[in-house]
Amino acid sequence: MKRITLYIAIVAAALTMSLTACHSNENNYRQAYDKAMDKYRDGIGAEAYEAIQTERVRATHEINGDSVRMLRMYANVYDDSVKVAHPYNIVVAEFKQSFNAKSYRNRLRNEEGFPSYLLYGGPEKKYFVVIKGFDTKEDAAAFLKDLDKTVKIKTLVPRPWILNKI
C-alpha cells in the first residue's frame with residue numbers, strides 16, 4: 001500500500017513539474033523579443049537607433065491644416081481579398097510576421113467592419129495592416145484625424161500614419 005501511494009505521489013509530482021515547466025509566459029516572450037531586437041540593432045548604437053525612430057515618427061506633411069505623418073514607399077498588396085490598394089492607406093499596425101498581421105486584420109474586419117487589408121514592403125520588409133484606403137490624401141487625413149473616435153480596437157503603432165503607396 002505504501003508503494004502505491006509513493007508511486008502516485010511521484011507521478012503526480014512529475015506531472016505537476018512537467019505541466020508548469022513547459023508553459024511560456026510573458027517574461028519568456030519579452031526576453032526572446034529583447035534578444036532578437038538586440039541582434040537586429042547589432043552595429044547601430046542606442047543613440048543612433050533612437051534618432052532613427054524619432055525621425056521615423058515625426059509628422060512629415062501638412063494636410064488640411066493638420067500635421068500628418070505620411071511616408072511614401074513601395075509596397076505590394078499581400079491579401080487574397082484585395083487586388084489593388086488605394087494610393088493613400090491608413091496604417092494602424094506593423095508586423096514582421098504575416099500570421100500576426102492577418103490576425104489583426106481579421107479582428108478589424110470582423111469586430112469593427114472595416115475593409116482592412118495588408119501591404120508588404122518598406123525598407124524593413126514589414127506587413128502593414130491598413131484599416132482603410134483612400135484615393136486622395138485629404139480624405140485619408142480627415143479619416144486619420146477622427147480615427148480614435150471611429151475605431152474601438154487599440155491601434156498597434158504609437159501613432160497611426162498614412163502610407164503613400166508608390
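This is a predicted model: local features need pLDDT of at least 70, side-chain atom pairs count only at pLDDT 80 or more; totals for chains, interfaces and linings use all residues.
1. Two strands are taken as paired when DSSP finds at least two bridges between them. Y117 stands opposite V130 in β7, and Y120 has Y127 as its bridge partner in β7. The hairpin formed by β6 and β7 has 4 residues between the strands, and G122 there takes a positive phi near 85°.

2. The protein has 6 helices and 8 strands, arranged along the sequence in the pattern α-α-α-β-β-β-β-β-α-β-β-α-α-β. Of its 166 residues, 31% count as buried. The accessible surface comes to about 11500 Å², with 55% of it belonging to carbon and sulfur atoms. Among contacts between residues at least 6 apart in sequence, 70% join residues at least 24 apart.

3. The sheet may be described next. Six strands form an open sheet of mixed pairing, in the order β3-β8-β5-β7-β6-β4. Its edges are β3 (70–73) and β4, each of which pairs on one side only. Neighbouring strands are turned against each other by 40° on average, direction ignored.

4. β5 and β7 are antiparallel and share 7 bridges, with K132 in β7 as the bridge partner of I90. On another side of the description, β5 is joined to β8 (residues 161–165) by 4 bridges, again with the strands antiparallel, and V91 stands opposite W161 in β8. Strand β4 (residues 75–77) runs antiparallel to β6, with 3 bridges between them. Here L119 in β6 is the bridge partner of V77.

5. Which of the strands are enclosed? In β7, 8 of the 9 residues are buried, so this strand is largely enclosed by the rest of the structure. For β6 (residues 117–121), 4 of the 5 residues are buried, so this strand too is largely enclosed. Helix α4 lies across β5, β6 and β7, and runs at about 25° to β7.

6. The nonpolar interior deserves attention. In soluble globular proteins, nonpolar side chains tend to be buried together. In this model the largest nonpolar core has 25 residues, and those with the most contacts inside it are I90, V92, Y104, V129, I131, L147 and I162. The elements giving two or more residues to this core are β5 (88–95), α4 (98–112), β7 and α5 (137–145). The greatest contribution, 5 residues, comes from β5. A second, separate core has 11 residues, including A75, L119, F128 and V130. L147, in the largest core, is in contact with I90, V92, I131, T155 and P160 when its neighbours within four places in sequence are left aside.

7. Charged pairs form a further topic. Side chains of opposite charge can pair when their charged atoms come close. The structure holds 7 salt bridges. One of them joins D79 to R109, with the closest N and O atoms 3.3 Å apart. This pair links distant parts of the chain, 30 residues apart: D79 lies in the loop between β4 and β5, and R109 in helix α4. D79 has a relative accessibility of 10%, which is under the 20% limit, and therefore counts as buried. R109, at 26%, counts as partly exposed.

8. Where are the partners of the salt bridge between K126 and E94? Their closest N and O atoms are 3.3 Å apart. K126 belongs to strand β7 and E94 to strand β5, so the pair ties together parts that are 32 residues apart in sequence. Both residues are buried.

9. R107 forms a salt bridge with E111, with 3.6 Å between the closest N and O atoms. Both residues lie in helix α4, 4 residues apart, which is about one turn of the helix. R107 has a relative accessible area of 37% and is partly exposed. E111, at 54% relative accessibility, lies over the 50% limit and therefore counts as exposed. Elsewhere, salt bridges that share partners join D79, R105 and R109 into one network.

Notes
Residues are numbered from 1 along each chain as its sequence is written. Side-chain values use heavy atoms; hydrogens and water are left out. Buried means under 20% relative accessible area, exposed over 50%, partly exposed in between (1.4 Å probe, protein chains only). A nonpolar core is a set of buried Ala, Val, Leu, Ile, Met, Phe, Trp, Tyr and Cys residues joined through side-chain atoms within 4.5 Å. Contact means heavy atoms within 4.5 Å. Axes are lines fitted to C-alpha atoms, for helices over the stretch in contact, and angles run from 0 to 180 degrees between N-to-C directions. Accessible areas come from the Shrake-Rupley method with a 1.4 Å probe; for residues, only the protein chains shown count as cover. A salt bridge is a side-chain nitrogen of Lys or Arg within 4 Å of a carboxyl oxygen of Asp or Glu.
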